[in-house]
Structure formats: structure tokens, C-alpha cells
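Please keep the sequence and the model in view while working through the points.

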Amino acid sequence: MAGGNERSMKALKEVWKRAENSLCADCGKPDPDWASSTLGVFVCLSCSGIHRNIPSISKVKSLKMDYWDDAQVQFLAKHGNAVTKAIYEAHIPIYYYQPTYNDCQVLREQWIRAKYERKEFTEPGKQLPYSDGVKEGILWKRGRDNGQFLPRKFLLSEREGCLKYFTKQDAKEPKINVKIDVINATFQPEKIGNPNGLQITYLKDNKTRNIFVYHESGKEVVDWFNAIRSVQFHYLKVAFPIASDNEIKNRLTRNFLKEGYMEKTGPKQREAFKKRWFTLDHRRLMYFKDPLDAFAKGEVFVGSGENGYSVQKGLPSGTQGNFSWHYGITIVTPDREYLFTCETETDQLEWIRAFTSVINQAMTPQEYASKCLDAVSFPS
């Protein structure tokens, strides 16, 4: 018996160390140490917990702590991540968002359920709830002024190229009607306070408008997210006919590069620093008095290094404004310097890393066109 167990463990380790099994099959996290004995995939601890919630589909075991018999090891050897992904990920729409280990729980759970439980990607041309070009339903939306979440009817239309929402079910005119090409959507469960919280943003008069929504069903809110991406993809295919699918995919919804509190001072740099919530959305740095504000109180364009933009650690010598946080950051633009302070050195370094990643990228023609935003100063 002992010899058989040693033989199984040796065979298990050989399968485990295959290059194809070095990343979690579902989120891409390195060094997964769990596996599904019924699906044949190697997964990380976090994804194994999601698999455990669908026991009729997947039975997971620890590769380090649990016993694997010969038949189970042979099953893993026959399958593994490459073979199983070829089955369950054979026909993923290019616009479908495939989450990583940095994404929130609802995105990762619905991705796993879509693959193995609902088998959404096993057949070509399968009708999917986010691929119709139109989606209508109720989302709970946060009121701009009262902060209450109330049910609102939303309508997404590929034919009209827009997203609408209505304050009443029978309303004929929408409260908003937003073109699909100016919309972004990103999951914000912590900020919104709901595990299925979704932040929808769009440009209004060259300013960013935020809408915060959620749905009780994780599947429904992820379907909305991917429906927005689907409509955007097909709209951009028409607008940019010579662009490749991957080029268009990279222009769909995007996660914010960095969010969090910093202190800021005014344009004269003599005012007291005030604590504000900041969001870096690629080249737009916005600040809000409250993380759930509908509109930013100020925005600044962050250009590229070759156009005179840079980020520096610390504040200029002789900075006069009073500040309580001591880890400074200076953003240099062709017109002025913006001064911020962070509470911790970790925050400071993370912000500098985010700013640097943007500044190191060459600007696109579209970004040159929006460069006028750099003239927008942060009011105090």
C-alpha cells in the first residue's frame, strides 16, 4: 500500500510540474496547488473554493495534503489544463472578459460557472445572454443626491449604439441616453458596498460621470458587463473597419489603474492640503470629495514623457501648504506642477508606479485630441 501511494505521488508530481499546469486554469495565478479530480484542471486556492460550490461539476482536492489514488492521477495526466481548456474555452467571444486573480469574486465565480456549469463556450455560435445586441432589465442604481439604491430600468441597444436608464418602469423618455463608445464599466464591490457592485462611467461635456449599480444576481450583473463589451465591440468594428479584433478588444472596458486617498493642494501651492479620493483612469486623473460622487471635482490629463510629463518622488523644497501626510508626489506637466501627499510609503510607491506606467506610454492621436483637459486645474 505504501509503495502504491509513493508511486501515485511521484506520478502526481510529474503531471503537476508540466508547464501547462504551472498557472491556475481559471485565473492564471502562478503555482496552483489544488486540482479538480472530475475536470482535470489545476487551480489556485481561491478558485478551488468556487469549484467547491459546484460539487455536481467539480470535486477539488489539495495536491499537497490530500490522497490521490492511481485512477485520479491517471485522469489528471490524461487531461490537465491544456486539454480541459481546449474543451471548455473553445469558443469564447473575443469581447468576453476573462478575469485574472486580481479581479473580484463575482467576476471569477461567473467565469468558472460559465465554463464548466453552463458550458457557454463549448459550441460555436451558441446563443448567449450577452450576445443579442440588446439587453433590458432592472439594476439597483445609487441616487446622485440621496445616496439610496433604487431599482431602475436599463436598456442597452447595439442598433442604437447607446445605454439608457429610466426612472420609472413605464417612462417613455430615458433619464440618460449615453453613446456606447464613451462608456466604461468596472467592478467596485468594496467601494459600492455590494459584492456585485458595478461602476459605469461615461463622458458628459468632456467630464466623467459616474453611475453606481448592482444586482442581487452575480450572473445578471456579469451578463450586463459582458453585454456592454459586446455592443462596444460591434460598434467599434463598424467605426474602425481596418482595426484588428485584438486592437478593438483593447479599447473595450478597462479597470482603473489606481484608486485611493491622497492629500492635494491648490494651484498656488500655498493652500492647506485636503484629503480627497483619487482615480487614475489611464490618462485621466480625477479627484472626488467622496468615492461615490457622481462627478469629479477636478481632472487633469497625464501625458507622456516625450511631451513634458513626469512624476517625482517628494515635494518641491519650500512647499508652503500644510499637510498631515508626509509621502509626497509631484506630477510635472508642461504648464504646472501638481502636488500630492500619501499616508504611507507603500501608497506613495504604488501611485508613482501607476503614473510612471502611463507617462512611459506614447500618446495616441485620440489622446492628443483630448490633451486640452490638461488645462483643467484642481480647485481647492
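1. The model is a predicted one. In it, helix α2, formed by residues 45–52, packs with helix α5, formed by residues 105–117, at an angle of about 55 degrees. The axes of these two helices lie 10 Å apart.

2. The crossing of α2 over α5 is right-handed. On the side of α2, the contact is made by S46, C47, I50 and H51. On the side of α5, Q105, R108, E109, I112 and Y116 take part. Sorted by class, the contact of α2 with α5 comprises 4 nonpolar, 3 polar and 2 charged residues.

3. An unreviewed UniProt entry annotates residues 6–129 as "domain: Arf-GAP". Over residues 6–129, the chain is 40% helix and 6% strand.

4. A separate point concerns G137, which is found in strand β4, spanning residues 134–142. Is G137 buried or exposed? With a relative accessible area of 16%, G137 is buried, because buried means under 20%.

5. Which residues does G137 touch, not counting residues up to four places away in sequence? They are R152, K153, F154 and W224. Along the chain, G137 and W224 are 87 residues apart, and their C-alpha atoms are separated by 9.2 Å.

Note on methods
Residues numbered from 1 in each chain as written. Predicted model: local features only at pLDDT ≥ 70, side-chain atom pairs only at ≥ 80, totals over all residues. Heavy atoms only, no water. Helix = DSSP H or I, 4+ residues; strand = E, 2+ residues; numbered from the N terminus. Buried < 20%, exposed > 50% of the residue type's maximum accessible area, 1.4 Å probe, protein only. Contact = heavy atoms within 4.5 Å. UniProt positions renumbered as here; feature names shortened; annotations may be inferred. Axes fitted to C-alpha atoms, helices over the stretch in contact; angles between N-to-C directions. Left-handed = near helix turned anticlockwise from the far one by under 90°. Nonpolar A, V, L, I, M, F, W, Y, C, P; charged D, E, K, R; others polar.
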